[in-house]
Amino acid sequence: MLHPEIASNIGLKIDYSKKYVGTGASGGFDYVTSGPVETEFLGQKFNIKFDIPIDKNFAWGCILGHDSIFRFSKIMFKTYKQEFEVFFRADIN
C-alpha cells in the first residue's frame with residue numbers, strides 16, 4: 001500500500017474508476033490500484049502494482065505487503081541485530 005500523497009508525488013498512474021474494498025486490523029477501507037511500476041530490488045526487476053487507499057487520512061504512509069515484494073521473496077527481519085535478509089523465490093524467479 002502506498003499513501004495517496006506519495007503516489008501523487010511520484011506520478012503513479014491511478015485508475016480511480018475501479019474501486020476495491022480491503023480489510024485490516026482497523027477495519028475496512030476503500031482503495032484503487034496504480035498501473036504497473038518497474039521496480040528493481042537487489043538487481044532483479046519486477047513489475048508491481050500498488051494499492052492506494054482513497055482516504056488521505058490513512059494511518060500509515062507506506063506499507064509493504066503480500067501483493068508486492070512478499071509475493072516474490074521472503075524477508076527475514078532480525079531486529080535484535082538491526083539487520084534483515086532477502087530470499088528470492090526460486091520457483092517463480
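Buried means under 20% relative accessible area, exposed means over 50%, and partly exposed lies in between (1.4 Å probe, protein chains only). This is a predicted model: local features need pLDDT of at least 70, side-chain atom pairs count only at pLDDT 80 or more, and totals for chains, interfaces and linings use all residues. Residues are numbered from 1 along each chain as its sequence is written, and side-chain values use heavy atoms, with hydrogens and water left out.

**Figure 1. Overview of the fold.** The protein has two helices and seven strands. Both kinds of element are DSSP runs numbered from the N terminus: helices are H or I with at least four residues, strands are E with at least two. Along the sequence the pattern reads α-β-β-β-β-β-α-β-β. Of the 93 residues in the protein, 27% are buried. Contact means heavy atoms within 4.5 Å. Among contacts with a separation of 6 or more, 33% come from residues 24 or more positions apart. The protein exposes about 6,800 Å², and carbon and sulfur atoms supply 53% of that area. Accessible areas come from the Shrake-Rupley method with a 1.4 Å probe; for residues, only the protein chains shown count as cover.

Figure 2. Two strands pair if DSSP finds at least two bridges between them. Strand 3 (residues 37-41) and strand 4 (residues 44-48) run antiparallel and are joined by five bridges. Val 37 has Ile 48 as its bridge partner in strand 4. Thr 39 is partnered by Phe 46. Two residues lie between the strands, and Leu 42 takes a positive phi near 50°. In a regular strand the side chains alternate between the two faces of the sheet.

**Figure 3. The hairpin of strand 6 and strand 7.** Six bridges join strand 6 (residues 73-78) to strand 7 (residues 83-88), and the two run antiparallel. Four residues separate them in the hairpin. In the turn, Gln 82 has a positive phi of about 55°. Lys 78 belongs to strand 6. Its bridge partner in strand 7 is Glu 83. Is Lys 78 buried or exposed? Lys 78 counts as buried because its relative accessibility is 16%. Leaving out residues up to four places away in sequence, Lys 78 touches Glu 83, Phe 84 and Glu 85.

**Figure 4. Aromatic pairs.** Rings of Phe, Tyr and Trp (its six-membered ring) pair if their centres lie within 6.5 Å; planes under 30 degrees apart count as stacked, over 60 as edge-to-face and the rest as tilted. The count by this rule is three aromatic pairs. The rings of Phe 46 and Phe 88 are stacked, because their centres are 5.8 Å apart and their planes stand at 20°. This pair links distant parts of the chain: Phe 46 sits in strand 4 and Phe 88 in strand 7, 42 residues apart. Phe 46 is buried, with a relative accessible area of 11%. Phe 88 is partly exposed, at 23%. Elsewhere, ring pairs link Tyr 20, Phe 29 and Tyr 31 into a cluster.

**Figure 5. The largest nonpolar core and Ile 52.** A nonpolar core is a set of buried Ala, Val, Leu, Ile, Met, Phe, Trp, Tyr and Cys residues joined through side-chain atoms within 4.5 Å. The largest one holds nine residues: Leu 2, Ala 7, Leu 12, Val 32, Phe 46, Ile 48, Phe 50, Ile 52 and Phe 72. Not counting residues up to four places away in sequence, the residues that Ile 52 touches include Leu 2, Ala 7, Ile 14, Tyr 31 and Val 32. Ser 8 lies in helix 1 (residues 4-9). Ser 8 counts as exposed because its relative accessibility is 54%.

**Figure 6. Salt bridges.** A salt bridge is a side-chain nitrogen of Lys or Arg within 4 Å of a carboxyl oxygen of Asp or Glu. How many salt bridges does a search of the whole structure find? It finds two. Lys 45 forms one with Glu 38, where the closest N and O atoms are 3.8 Å apart. Both Lys 45 and Glu 38 are exposed. The side chains of Arg 89 and Asp 91 also meet in a salt bridge, at 2.7 Å from N to O. Arg 89 is partly exposed, with a relative accessible area of 33%. Asp 91 counts as exposed, at 58% relative accessibility.
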